[in-house]
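Welcome! Take a moment to look over the protein shown here, then follow the briefing below.

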Amino acid sequence: MNPPALLAALKKHFGYDSFRPLQSEIIADSLAGRDVFALLPTGAGKSLCYQLPALVRDGLTVVVSPLIALMKDQVDALTANGVAATFLNSSLGETESRARLRGLYAGEYRLLYAAPERLMIDSFLARLREWNVALVAIDEAHCISEWGHDFRPEYRQLSRLRDELPGVPLMALTATATGRVREDIVRQLRLENASCFVASFNRPNLHYRVTPKREAYPQLLEFIHQRRRESGIVYCFSRKNAESVAEKLRADGVSARPYHAGLTDTQRSENQEAFLRDDAHVICATIAFGMGINKPNVRFVVHYDLPKNLEGYYQETGRAGRDGLPSDCLLFFTSGDVMKYQRFIDEMTSDDERRIARAQLRTMVHFAECPTCRRADLLAYFGETYSEANCGACDNCVAPRDTYDGTVAAQKLLSTILRAKQASHEGDRTFGLNHHIDVLLGHTTERTERWGHARLSTFGIGADVPQHEWAAIGRELIRLGYLVQSTDKFATIDVTESGLDALRSRAPITLTRTIAAPAAPRKSRRKTPAASTDSTRDLPPDDALFEKLRELRRTFADQRNVPAYIVFSDSALRHMAIAKPTTEADFLTINGVGEKKLTDYGEPFLALIREHLAG
């Protein structure tokens with residue numbers, strides 16, 4: 001199909017005048033019958049890469065989706081755009097399931113969503129062979145890799161599709177995967193001569209900030225109060241924390257709900273639905289929440305506790321600002337969370353699991369403590385170089401942290417490590433960072449006594465520095481390459497050649513002040529997405545009109561029993577509040593307004609805008 005025809009279909013069904021980066025290339029290769037691997041960040045339009053081809057070619061597109069809620073969400077959105085789509089899962093009754101099966105046999109649907117477990121049942125595979133399948137799209141494809149952050153064994157069965165549906169092309173899509181995970185996805189799915197597309201991981205509309213976790217709940221409450229009526233997710237380490245934080249927020253007047261694996265299926269479904277429909281503005285959740293959640297107007301994501309790894313952090317923060325509007329990502333950080341995870345890792349039974357978990361934790365702590373651009377650090381993890389000197393949308397770029405001459409402190413710690421190693425019975429034994437901090441602080445412990453370290457000349461020479469600051473100094477010296485930390489069970493540290501050289505030459509060592517909570521909310525200069533080609537998007541919206549449009553949207557959403565963003569996204573409403581269309585032709589210029597939405601909602605929304613302009 002030629003590009004003009006694809007653009008016409010894009011506008012007709014989805015209301016967009018142009019493709020986002022890589023979408024047109026992915027669609028072209030898919031229509032040519034090639035296997036495709038696509039890594040696009042959250043909010044970059046992965047779904048369109050298989051939805052649009054499904055509308056312009058014969059046959060059924062089968063979409064593998066891991067969550068029931070995601071299937072319904074996607075089908076509701078497609079139906080609102082006039083696209084014939086359906087799903088089959090355990091939430092349907094027998095009568096409804098049979099009706100949808102009849103429709104599939106009759107060729108009434110262009111897209112079918114199903115979970116991997118159902119898809120790979122022999123009887124279901126037999127039906128697929130009768131439904132003229134043109135493409136199988138595997139969403140959240142990182143779930144197939146044991147190296148991914150959300151491995152799901154049931155995804156491994158999908159490799160059978162090559163044998164069960166010979167000749168049918170596959171499309172694997174994910175928002176987050178390192179190079180190793182990408183290779184694993186291609187191998188596990190047996191993609192043949194696949195076209196591989198990897199977009200930038202950069203989310204320019206997201207503002208990243210890390211703040212010390214001192215009085216976490218009051219800090220959180222103040223943050224949320226500054227964002228009244230906005231939707232957000234608060235990620236917690238434990239079910240207990242998720243419940244407790246949600247309960248406290250409700251007591252303080254915030255419409256919040258918990259979400260975790262300990263709730264019943266009904267409770268989880270109700271709480272998620274309340275969040276999707278804006279009946280609850282905040283969801284307090286463990287990592288059980290969020291994969292594939294298509295709510296575009298999440299304005300903030302808070303990590304109440306330290307995430308286990310940087311991949312998870314990236315994907316979880318990626319649930320903010322899917323509509324491209326500025327959104328905040330706040331991480332509370334304390335060394336106590338680091339110690340908590342270290343204890344958790346110590347209890348793992350597998351040496352490999354411990355090694356991987358320690359490496360992931362070190363990377364996460366490095367991100368939390370790094371004094372440089374957080375965006376650059378995050379992108380570097382995925383192998384991408386960020387070329388800007390200042391991103392303008394992270395705390396370190398907006399308000400760079402102070403540095404200080406840390407030579408003496410570094411010398412004290414390096415000397416303690418070397419002396420402790422020499423004093424051990426074997427003469428080369430290494431110890432963990434916390435043990436060396438005990439020596440510096442002059443703490444008499446069973447281990448300092450047993451190894452004779454209470455008699456070292458450095459014992460107690462660091463008593464004027466708090467324990468948490470010594471821990472931060474140690475971690476920074478590891479980042480700077482003066483120390484190295486092992487990946488074994490006890491995570492011991494040793495001085496590197498660079499550290500020895502610095503100690504011998506008394507070379508100056510510059511360290512960074514630990515992060516400090518701002519005294520007052522700080523307005524940052526946020527960059528807006530560069531992808532938009534509409535010049536009006538940079539103009540300020542009419543706030544009063546925007547609120548009226550939100551109320552009207554809510555009315556229609558309630559009538560149709562769907563989340564508000566299924567009617568129109570915040571981004572579309574913002575565009576309306578800027579452009580103020582008064583005719584149907586003008587209304588069709590709004591991003592996200594296609595023919596079906598013009599028919600369903602054009603008249604009342606245009607009437608509201610005309611009334612606002614007149615009054």
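Two strands count as paired if DSSP finds at least two bridges between them. Helices (H or I, at least four residues) and strands (E, at least two) are DSSP runs, numbered from the N terminus. This is a predicted model, in which local features need pLDDT of at least 70 and side-chain atom pairs count only at pLDDT 80 or more, while totals for chains, interfaces and linings use all residues. Residues are numbered from 1 along each chain as its sequence is written, and side-chain values use heavy atoms, with hydrogens and water left out.

**The whole protein**

- The protein has 27 helices and 18 strands.
- Its radius of gyration, taken over C-alpha atoms, is 27 Å, close to the 25 Å that the globule rule gives for 615 residues, so the protein is as compact as a globular protein of that length. The globule rule is 2.2 Å times the number of residues to the power 0.38.
- Along its principal axes, the C-alpha trace spans about 85 × 65 × 45 Å.
- Of the 615 residues, 55% are buried (under 20% relative accessible area, with a 1.4 Å probe and protein chains only).
- Take the contacts (heavy atoms within 4.5 Å) between residues at least 6 apart in sequence: 74% of them join residues at least 24 apart.

- Which strands pair with β9? One is β12 (residues 298-303), which runs parallel to β9 and is joined to it by 5 bridges. Another is β11 (residues 282-285), also parallel, with 4 bridges to β9.
- You can pick out partners by eye: Ser231 has Val298 in β12 as its bridge partner, and Val234 stands opposite Cys284 in β11.

**Helix α25**

- Is helix α25 (residues 570-579) enclosed or open? With 9 of its 10 residues buried, it is largely enclosed by the rest of the structure.
- The buried residues of α25 include Asp570, Leu573, Arg574, His575 and Met576.
- These buried residues belong to a set that packs against β12, α23 (543-560), α26 (584-587) and α27 (595-614).
- Just after α25, Lys580 takes a positive phi of about 50°.

Notes. Buried < 20%, exposed > 50% of the residue type's maximum accessible area, 1.4 Å probe, protein only.
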